[in-house]
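Subject: Structure handover

Dear colleague,

Here is the structure for your files. My notes on it follow below.

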Amino acid sequence: MDIKWICAVTIILAWFCRASSAHQTSVEPPRNLQIIDPGLLGHLYIEWQPPPSLLTLDQCTIKYKLKYRSTGDADWKVVFTKKLKYGDGFDLSKRTEAKVQTLLEGHCTNESEVKSDWTHTTFQLPSQGELESQIRDFHCVYYNWEHLTCTWQLGQLAPPGARYELYYWYEGLDHAVQCSDYIQTHGRNTGCNLQNLRQAEYIDFNVCVNGSSESTQLRPSYFTFRLQNLVKPSPPEKLSVSISAYEEIHVEWSPPAGGTPPHCLDYEVQLTEHDGDADAPWTAVSTQVETTFTFSQANRSRATCVRVRGKTNMFCANKGFWSEWTRKCFYVSRKDEKQLFILIAVVLSFLTVIIIFIFAAQHKKR
C-alpha cells in the first residue's frame with residue numbers, strides 16, 4: 001500500500017512539474033510593423049503581424065500595446081488592442097514613429113502578464129518644395145453648425161502663377177474630395193466654403209491645401225480637426241429688456257435659429273452704464289443654457305446698454321468661438337430724477353393755477 005501511495009504521489013508531482021514547465025515565460029514581438037498612407041490626407045494605418053509562436057498557443061489572451069507620435073510631440077499616444085491594425089490622423093509634414101509589443105496573459109502564463117520587446121518603425125513623406133511656399137495663417141470656422149469656411153494666406157515664396165487647392169476627407173468618404181466653392185482674392189484661391197458636413201461631426205476631419213506652379217514645387221499643408229470644436233454660433237435673437245418696480249433689469253433672449261442645438265450653448269451677458277462707449281466698463285455674468293438674467297438696478301445712470309453672446313459649451317465641444325453680440329440700449333431714470341420731475345410738474349401746475357387766477361381777477365375788475 002505504501003509503495004502504491006508513493007508511486008501515485010510521484011506521478012502527480014511529475015505531471016505538475018511538466019505542466020509548470022509548459023507555462024509561457026516569454027513571447028516574441030510582433031512582425032512586419034509598418035505605417036501605410038492610403039492617400040487620405042493624413043489618415044494613416046499602422047499594421048503588424050503576430051509572432052509565429054502565438055499560432056500554437058491556446059488558453060491565453062493575446063493583446064498588443066501600440067504607441068505612436070509625430071515629431072515634436074512630448075507624449076506618446078497609447079492604445080491597447082487585440083486587432084492587427086489601427087488608424088489615426090497625423091500631420092504628414094512631420095515624421096511619424098510607432099512601436100508595438102505583444103502582451104500575453106492567461107492560463108498559458110499562469111495568469112501573469114508576459115511582455116515582448118518593442119518593434120519600431122517610422123514614416124515620413126518626401127519633402128516637396130520650399131517651406132516658405134506653404135500657405136500661412138490657415139483658419140477654419142464652422143458657422144452656426146451649418147457650413148465650414150476655411151481661409152489662408154499665400155506662401156511667402158509663392159510665385160505669381162501659383163494655384164492653391166483644398167482637399168478634404170473624413171471617415172465615410174471613399175476618397176479625398178476637392179473644394180468646389182473657393183474664396184478668391186485678386187483671382188487667387190485664399191479660402192473655401194463647405195456645406196452639408198453633418199456626417200463629419202465628432203470624427204476627424206482631414207484637410208490638405210496643396211499648390212501647383214509651372215516654375216517651382218509648392219509644399220503642401222496638412223490639418224486634422226473636429227468640426228464641433230470650430231463652431232461660431234449666430235448671435236442670440238429677440239433680446240428684450242424690462243425694468244421691474246424694484247428697479248431690477250430683467251434680460252431675456254432666444255437661442256439663434258439654425259443648426260446650433262440650443263442645449264449646446266452657454267451665454268455671456270454684459271451691462272454698462274455708459275451708453276455702450278467702447279472704453280466703458282462692462283459688468284459681465286455667464287449663464288449655462290438659461291436664456292434669462294436679472295441685474296440689480298441700484299443707483300444706475302440714465303443710459304444703460306445690455307449685450308448678449310453665445311458659445312458652444314463643454315457638453316457638446318471642447319472649444320469654440322464666441323458669437324457676435326446682440327445689443328440693446330435704453331434709458332433708466334434715477335430715483336432723485338423721478339422726484340425732481342414730479343416736483344417740477346407740481347410747481348408748474350401751481351404756477352399755472354396762480355396765473356389763471358390772476359388773469360381771471362383782472363378780467364373781472366375790467
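Ala 317 counts as buried, at 8% relative accessibility; buried means under 20% relative accessible area, exposed over 50%, and partly exposed in between, with a 1.4 Å probe and protein chains only. This is a predicted model, in which local features need pLDDT of at least 70 and side-chain atom pairs count only at pLDDT 80 or more, while totals for chains, interfaces and linings use all residues. Residues are numbered from 1 along each chain as its sequence is written, and side-chain values use heavy atoms, with hydrogens and water left out.

Ala 317 belongs to the loop between strand E23 (303-312) and strand E24 (326-331). Helices (H or I, at least four residues) and strands (E, at least two) are DSSP runs, numbered from the N terminus. Apart from neighbours within four places in sequence, Ala 317 is in contact with Gln 228, Asn 229 and Thr 312, where contact means heavy atoms within 4.5 Å. Asn 229 is 88 residues away along the chain, yet its C-alpha atom is 5.4 Å from that of Ala 317.

Now the protein as a whole. It has two helices and 24 strands. Of its 366 residues, 37% count as buried. Among contacts with a separation of 6 or more, 62% are between residues 24 or more positions apart. The accessible surface comes to about 22,200 Å², and carbon and sulfur atoms account for 53% of it; these areas come from the Shrake-Rupley method with a 1.4 Å probe, and for residues only the protein chains shown count as cover.

Two strands pair if DSSP finds at least two bridges between them. Strand E11 (residues 163-170) and strand E15 (residues 205-212) are joined by eight antiparallel bridges. Within this pairing, Tyr 164 has Gly 211 in E15 as its bridge partner.

Next, the aromatic side chains. The structure holds nine aromatic pairs. Rings of Phe, Tyr and Trp (its six-membered ring) pair if their centres lie within 6.5 Å; planes under 30 degrees apart count as stacked, over 60 as edge-to-face and the rest as tilted. Tyr 170 and Phe 205 are stacked, because their ring centres are 5.9 Å apart and their planes are at 20°. This pair links distant parts of the chain, with Tyr 170 in strand E11 and Phe 205 in strand E15, 35 residues apart. Both residues are buried: Tyr 170 has a relative accessible area of 6%, and Phe 205 has 0%.

Trp 253 and Tyr 267 make an edge-to-face pair, 5.4 Å centre to centre with 70° between the planes. Trp 253 is in strand E19 (residues 248-254) and Tyr 267 in strand E20 (residues 265-272), 14 residues apart. Trp 253 is buried at 3% relative accessibility, and Tyr 267 is buried at 1%. One aromatic cluster is formed by Tyr 168, Tyr 170, Phe 205 and Phe 225.

Last, charges over rings. A charge sits over a ring if NZ of Lys or CZ of Arg is within 6 Å of the ring centre and within 35 degrees of the ring normal. The charged end of Arg 307 is over the ring of Trp 282, 3.8 Å from its centre. Lys 99 lies over the face of Trp 118, 5.0 Å from the ring centre.

Regards
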